[in-house]
Amino acid sequence: EHGLRYTHAGIVQRDHRKGRWVFVHLLNECGANSSSIYDQGLINFFLDDLFAYDAVIAIPAQALQDRLDTALNGATVARLHNPKYSMIAYPFSTKYQNSNQWVLEFLAAAQANAALTRQMAQDELKKRGYIADKIGISGFKRLGATLFRANVQFDDHPEEEAEDARYSVVTVRSILNYLDQTGGMN
């Protein structure tokens, strides 16, 4: 519907403390307005109820891999997590967070090689030129989501987005574009 092929991002770490290869990601708690960080073995991740068994693998530059590895084993994972979840969280607000936004902010902290807060990570993303995707959501769908979906919030988006019915959101595509643009990919 929104022209997106991939909908969920995470970070795969080899030799994670819970196993050889682990997928670290943020997940919404079954349609609720909360989330948690999970570390799952790759088999468990792919055995979940996926829409399609199709994945893209982006291999960061070695320096970024090293920084991600260090950050995954430290306080950065929790520091950058906001359990207040919205599927379409605004990329430059700390009020809510979605799965892809956590990954993007985590990447920004690793690129900066610093102990960043969410606001600092978002400032780093702006400085490096991150561009969010925009998705169209009609007024009717917005109303339905507001009334019946606890995991979709619009009150963190600028008013202009509601007027245009196009909302900025962190997508897998925008993360890949960001990594490509900032030289974060091999």
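Which residues have the most contacts inside the largest nonpolar core? In this predicted model, they are Trp102, Phe106 and Ile175. The core itself has 30 residues. Several elements give two or more residues to this core: strand β2 (19–28) and helices α2, α4, α5 and α8. Helix α4 supplies the largest share, with 8 residues.

Neighbours within four places in sequence are set aside here. Ile175 is then in contact with Ala9, Asn100, Val103, Leu104, Leu107 and Val170. Another core lies apart from the largest one and has 8 residues. Among them are Ile88, Ile137, Val152 and Tyr167.

The packing of two helices was examined next. Helix α4 spans residues 99–112, and helix α5 spans residues 118–127. Their axes are 9 Å apart, and the helices pack at an angle of about 80°. Angles of 65 to 115 degrees count as roughly perpendicular, so α4 is roughly perpendicular to α5. On the α4 side, the contact is made by Gln101, Leu104, Glu105, Ala108 and Ala112. On the α5 side, Arg118, Ala121, Gln122, Glu124 and Leu125 take part. The residues of this contact divide into 5 nonpolar, 2 polar and 3 charged. Leu104 of α4 belongs to this contact and also touches Ile175.

Charged side chains were then considered. The whole structure holds 6 salt bridges. Glu124, a residue of the α4 and α5 contact, forms a salt bridge with Lys127. The N to O distance in this pair is 3.3 Å. Both residues lie in helix α5. They are 3 residues apart, about one turn of the helix. Lys127 has a relative accessible area of 64% and is exposed. Glu124 is buried, because its relative accessible area of 11% falls under 20%.

Glu124 also forms a salt bridge with Arg128. Here the closest N and O atoms are 2.7 Å apart. Arg128 is partly exposed, with a relative accessible area of 28%.

A further salt bridge joins the side chains of Arg173 and Asp133, at 3.1 Å from N to O. Arg173 lies in helix α8 (residues 172–181), and Asp133 lies in strand β4 (residues 133–136). The pair therefore ties together parts that are 40 residues apart in sequence. Arg173 counts as partly exposed, at 36% relative accessibility. Asp133 counts as buried, at 13%. Elsewhere, salt bridges that share partners join Glu124, Lys127 and Arg128 into one network.

Where does Thr70 lie? Its place is in helix α2 (residues 62–72). Is Thr70 buried or exposed? Thr70 is exposed, because its relative accessible area of 58% is over 50%. Thr70 and Leu143 are 73 residues apart in sequence. In space, their C-alpha atoms are 43 Å apart.

Definitions and conventions
Residues are numbered from 1 along each chain as its sequence is written. This is a predicted model: local features need pLDDT of at least 70, side-chain atom pairs count only at pLDDT 80 or more; totals for chains, interfaces and linings use all residues. Side-chain values use heavy atoms; hydrogens and water are left out. Axes are lines fitted to C-alpha atoms, for helices over the stretch in contact, and angles run from 0 to 180 degrees between N-to-C directions. Helices (H or I, at least four residues) and strands (E, at least two) are DSSP runs, numbered from the N terminus. Angles under 35 degrees count as roughly parallel, over 145 as roughly antiparallel, 65 to 115 as roughly perpendicular and the rest as oblique. Contact means heavy atoms within 4.5 Å. Ala, Val, Leu, Ile, Met, Phe, Trp, Tyr, Cys and Pro count as nonpolar, Asp, Glu, Lys and Arg as charged, and the others, Gly among them, as polar. A salt bridge is a side-chain nitrogen of Lys or Arg within 4 Å of a carboxyl oxygen of Asp or Glu. Buried means under 20% relative accessible area, exposed over 50%, partly exposed in between (1.4 Å probe, protein chains only). A nonpolar core is a set of buried Ala, Val, Leu, Ile, Met, Phe, Trp, Tyr and Cys residues joined through side-chain atoms within 4.5 Å.
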